[in-house]
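Trainee: I'd like to learn how to read a protein model feature by feature. Could you walk me through one?

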Amino acid sequence: MGAALALAERTRGRTAPNPNVGCVIVKDGRVAGRGWTQPGGRPHAEAMALAQAGADARGATVYTSLEPCAHVSPRGPACADLLIAAGVARVVAALPDPDPRTGGSGLQRLSAAGVAIAAGVGAAAARRAMAGFLTRQAHGRPHVTLKLATSLDGCIALANGESRWITGEEARAHAHLERSRHEAILVGRGTFDADAPRLDVRLPGLEDRSPMRIVLSSHPHPSHSAAPSGPLPSPGGRGKEPHDARRKGEGDWLYLANPAQIAGLTNVDHLLIEGGARTAASFLAADLVDRLLLYRAPVLVGGGVASLADLGLTALTQAHGRWQRTDMRLLGSDTLEVYERVLSEG
């Protein structure tokens with residue numbers, strides 16, 4: 001299952017609205033087939049792994065990070081049916097599929113056909129790997145990651161606004177890798193105007209994974225309007241860019257007027273927020289942040305620009321118990337800490 005989950009990460013941020021699933025087929029103690037959901041959502045991971053395994057799939061064990069789908073689509077057959085036809089002996093799934101078109105019927109169909117079933121193996125890691133799809137299914141919006149790059153004393157810039165660069169090359173490279181794993185990236189209007197950000201991926205071999213670019217602004221450029229109430233453009237069909245956007249890099253920009261409008265983004269299951277302080281605070285105050293990336297450089301600024309604006313808290317008790325650290329690592333001389341929101345019970 002660990003191998004299947006690693007495969008699922010290969011196309012994170014490229015399969016929406018489909019989940020990024022990983023699949024491994026094992027026969028007689030060796031891997032007979034591997035698959036992961038391809039960009040755009042097809043082929044599915046199981047279909048890819050079965051094609052690679054061929055006749056060796058008969059009598060094999062299939063490890064998949066999500067319950068095989070049970071619904072037939074114009075884009076391809078149901079994976080549960082493909083597995084039955086291939087004659088697999090056992091299917092191990094990390095998570096049930098929350099999509100109501102499957103919703104448990106994939107495993108039920110396999111079991112009825114005589115396939116042995118095991119579920120829940122590696123569930124926590126699978127939820128993390130497919131967080132975008134699961135958040136969209138559960139909450140009707142993208143999974144939101146907030147990135148903060150600060151000094152030890154929590155500043156993102158000097159008092160005069162200078163911010164390049166607080167963190168070093170290794171931390172910035174990691175941040176570009178994170179960009180490649182998101183369908184869309186968002187900044188506030190202040191950051192947009194002051195920094196002229198490109199918001200692209202500048203890692204060799206990953207340049208084509210640059211995300212859709214969004215500006216949060218209640219006062220968009222006069223030639224543009226705020227996002228409509230209906231579905232918003234997907235990464236493949238973006239809104240027009242501002243008149244001066246050539247200085248900010250190639251591609252189009254989309255305006256949103258408030259954080260709640262991220263729910264209308266189509267084919268966007270992973271959203272990365274990169275600035276600034278008021279934008280970050282607005283998403284936190286709206287309880288729309290699921291994950292924090294905190295890059296901290298070993299420098300003290302003193303009197304600089306704070307990483308967050310006021311969150312509207314009236315007591316410290318409101319701040320406790322909301323975040324749990326899930327990872328920490330050194331990136332050169334900088335430290336990265338990853339936090340996930342603590343979900344309330346019920």
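Trainee: What is the relative accessible area of Cys23?

Mentor: The value for Cys23 is 0%, so Cys23 is buried.

Trainee: How many disulfides does the structure hold?

Mentor: The general idea is that a disulfide is a covalent bond between the sulfur atoms of two cysteines. The count here is 0 disulfides. Take Cys23: the nearest cysteine sulfur belongs to Cys79 and lies 8.3 Å away.

Trainee: How should I read confidence, and what is the mean pLDDT of the chain?

Mentor: Where pLDDT is low, the predicted coordinates should not be read in detail. For this protein chain the mean pLDDT is 88, with 90% of residues at 70 or more. Over residues 222-230, though, the pLDDT is below 50, and the stretch has 15 contacts in the model beyond near neighbours in sequence. Residues 236-251 also stay under 50, and the model gives them 35 contacts beyond four places in sequence.

Trainee: Now a single residue. Where is Leu66 found, and is Leu66 buried or exposed?

Mentor: Look first at the element, then at the accessibility, then at the neighbours. Leu66 sits in the loop between strand S3 (61-64) and helix H3 (79-86). Its relative accessibility is 2%, so Leu66 counts as buried.

Trainee: Which residues does Leu66 touch, leaving out those up to four places away in sequence?

Mentor: Among them are Pro19, Val21, Glu46, Ala93, Met130 and Phe133. Leu95 is another contact of Leu66; the two are 29 residues apart in sequence, yet their C-alpha atoms are 4.9 Å apart in space.

Trainee: Phe133 brings me to a helix. Which residues of helix H6 are buried?

Mentor: H6 covers residues 131-139, and its buried residues are Ala131, Gly132, Phe133, Leu134, Thr135 and Arg136. These pack against helix H5 (123-129), strand S6 (143-150) and strand S11 (270-275). After H6 comes Gly140, which has a positive phi near 70°.

Trainee: And pockets? What is the volume of the largest pocket?

Mentor: The largest pocket holds about 1,300 Å³ of space. It is lined by 50 residues, and Thr191, Asp195, Glu274, Gly275 and Gly276 are the closest to its centre. Elements giving two or more residues to this lining include S6, strand S7 (155-157), helix H8 (189-195) and S11. Helix H7 gives the largest share, 7 residues. By class, the lining has 23 nonpolar, 16 polar and 11 charged residues.

Trainee: What is the volume of the second largest pocket, and which element gives the largest share of its lining?

Mentor: Its volume is about 970 Å³. Of its 33 lining residues, Arg127, Arg128, Ala131, His143 and Glu340 are the closest to the centre. H6 provides the largest share, 6 residues, and other elements that give two or more include H5, H7 and strand S12 (291-296). The classes here are 14 nonpolar, 7 polar and 12 charged.

Notes. Residues are numbered from 1 along each chain as its sequence is written. This is a predicted model: local features need pLDDT of at least 70, side-chain atom pairs count only at pLDDT 80 or more; totals for chains, interfaces and linings use all residues. Side-chain values use heavy atoms; hydrogens and water are left out. A disulfide is a pair of cysteine sulfur atoms within 2.5 Å. Buried means under 20% relative accessible area, exposed over 50%, partly exposed in between (1.4 Å probe, protein chains only). Helices (H or I, at least four residues) and strands (E, at least two) are DSSP runs, numbered from the N terminus. Contact means heavy atoms within 4.5 Å. On a 1 Å grid over the protein atoms alone, a cavity is a set of points where a 1.4 Å probe fits but cannot get out, and a pocket is an open set with protein on both sides within 12 Å along at least five of seven lines; lining residues have an atom within 4 Å of a point. Grid points are joined across faces, edges and corners, and a volume is the space filled by probe spheres set on the points. Ala, Val, Leu, Ile, Met, Phe, Trp, Tyr, Cys and Pro count as nonpolar, Asp, Glu, Lys and Arg as charged, and the others, Gly among them, as polar. pLDDT is the predictor's confidence in each residue, from 0 to 100.
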